[in-house]
Amino acid sequence: MLGIPYFIIYFEDNMGIQQTLKEQGIDFTIYKIKSFTRISIINKAVKLVIDLIYAARLVNRLSPVQAMVCVVESNRLEYALISILNRKNINTIVLQWAQTMPGGNGYYSNRSSKKGLVAMAWNYLKGFMSWLVKKTLRIKYAGTYGTGDAKFFAVMGEYYMAMFCEQGVSADKLVLTGHPEHDYLYKLSLKTKSPEFKRTTLEGFGLDGTMPLWIVAREAVVYFKLVPEEKDKQDICTVLEILSRYHPDVQIVLKLHPRDVLGYYEFVKEKFPHVIIIHECDLYKLIAVCDLYISQISSTMMWAITLDKSVISYDFNNQQGWHYFRNREGIIKVDTPEILAEKVKDIAENGLSNKVYQQYQAAKKRYMVLDGKACERISELVMQDGR
């Protein structure tokens, strides 16, 4: 019999998840990640010791543990928990949590950009210390999340099976399950065929149920300081000005990133009072009832592809390091305001073309398993014996 689930949350401000868990009566704890010093090696060593102590106490407190599903294996705590549970022959599973970029370390690279002999020596020392810690504590760090010592690694699509194999994941660990997120998208895709669903959903967001909806989805541009603030605001105004040419026949929503601060967008309220700003909502549902989805480089563009929406990715700043998702099948890529205006005009007049629709079907097959049964397959993994 499957035991009672228990969640570990890393971000204290994630109130939505906390509320959902409370409503369902599921226990959870908030594990705060602190920094102790600016010296990286010492900081990592102290954190690792704390993680190991916490992990051992947690396992003892929750005993008997039947299985552990790790959604994000990019934190040391997961490595500690997985190592401890493996020694107890407990089933451990890593669940791919997002559309992942290929590379040595997933989304974020630890390699220093500094050059010279001193930098080379420092990087060598850090590499040696990391190797020593792994050897001593019998912890196998991941090249990207999911390639540690977990018994299974549940991935969301065929593309990722090949990608993680190339990154060193053992083929016998990889299981093509699909993702719970895509189960929800699959159910939404069936509902979107009903005009009544679109009308009532739009009205549920306080929008006009009879008008087309265009969404501009924000990236964490401000949070990560990807571009200077003034340039960022200029880019937003450029996009909204182009879209506003179709107002009032089209309603426009600016969907903020979860890390955004609402006060930053006062300039939008002043210059574009007709644009509806939404910070938090069920973005899946919002996409399900839109007619055009515009973002810079967000993986949420894959959600829009799943729901057969016209998708435009714009980048006026040549951010090459963030171009991974925008190069996927069917996504319309624009790098200048002039091209954006041209593409928006074409979509406004002609909608989603048959060619792009076919590309979407190919993308779905490649990047995900979209049949509504991912949760079922992951549950089967959980029930397997860890030995």
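**Ground rules**

I noted that this is a predicted model, in which local features need pLDDT of at least 70, side-chain atom pairs count only at pLDDT 80 or more, and totals for chains, interfaces and linings use all residues. Residues are numbered from 1 along each chain as its sequence is written, and side-chain values use heavy atoms, with hydrogens and water left out.

**Salt bridges**

I took a salt bridge to be a side-chain nitrogen of Lys or Arg within 4 Å of a carboxyl oxygen of Asp or Glu. Side chains of opposite charge can pair when their charged atoms come close. By this rule I have a count of twelve salt bridges.

Arg-377 is in one of them: its partner is Asp-371, and the closest N and O atoms are 2.9 Å apart. Asp-371 is partly exposed, at 28% relative accessibility.

Next I looked at Lys-231 and Asp-235, whose side chains form a salt bridge with an N to O distance of 2.6 Å. The two residues are separated by about one helical turn, because they are four residues apart in helix α9. Helices here are DSSP runs (H or I, at least four residues), strands are DSSP runs too (E, at least two), and both are numbered from the N terminus. Lys-231 is partly exposed at 24%, whereas Asp-235 is buried at 3%.

I also wrote down a network of salt bridges that links Glu-196, Arg-199 and Glu-203.

**Asp-308**

I gave Asp-308 its own entry. Its place is the loop between α12 (301–306) and β11 (310–314), and it is partly exposed at 26%. Asp-308 forms a salt bridge with Lys-364, with 2.9 Å between the closest N and O atoms. Lys-364 lies in helix α14 (residues 354–367), so the pair ties together parts that are 56 residues apart in sequence. Lys-364 is buried, with a relative accessible area of 10%.

For contacts I used heavy atoms within 4.5 Å. Leaving out residues up to four places away in sequence, Asp-308 touches Leu-352, Tyr-357, Tyr-360, Gln-361 and Lys-364. I also checked Ser-189, which is 119 residues from Asp-308 in sequence and 8.4 Å from it in space, C-alpha to C-alpha.

**Ser-244**

Ser-244 lies in helix α9 (residues 229–244). It counts as buried because its relative accessible area is 17%. A polar atom of the Ser-244 side chain lies 2.6 Å from the backbone oxygen of Leu-240. With residues up to four places away in sequence not counted, Ser-244 touches Ile-252, Phe-272 and His-274.

I found a cis peptide bond from His-247 to Pro-248, with omega near 15°. Pro-248 is in the loop between α9 and β8 (251–255).

Asn-89 is not a glycine, yet it has a positive phi of about 60°. I placed Asn-89 in the loop between α3 and β4 (91–95), and it is partly exposed at 41%. Lys-225 also has a positive phi, near 55°. Lys-225 lies in the loop between α8 (221–224) and α9, and it is exposed at 72%.

**Nonpolar cores**

In soluble globular proteins, nonpolar side chains tend to be buried together. A nonpolar core is a set of buried Ala, Val, Leu, Ile, Met, Phe, Trp, Tyr and Cys residues joined through side-chain atoms within 4.5 Å.

How many residues does the largest nonpolar core have? I have 57, and those with the most contacts inside it are Tyr-160, Phe-164, Leu-213, Leu-286, Ile-287 and Tyr-293. Helix α3 (residues 76–87) gives the largest share of this core, six residues. A second, separate core has 28 residues, among them Ile-294, Ile-312, Tyr-314 and Val-334.

Methods. Buried < 20%, exposed > 50% of the residue type's maximum accessible area, 1.4 Å probe, protein only. Polar contact = N/O pair within 3.5 Å; in protein donor to acceptor, adjacent residues only side chain to side chain.
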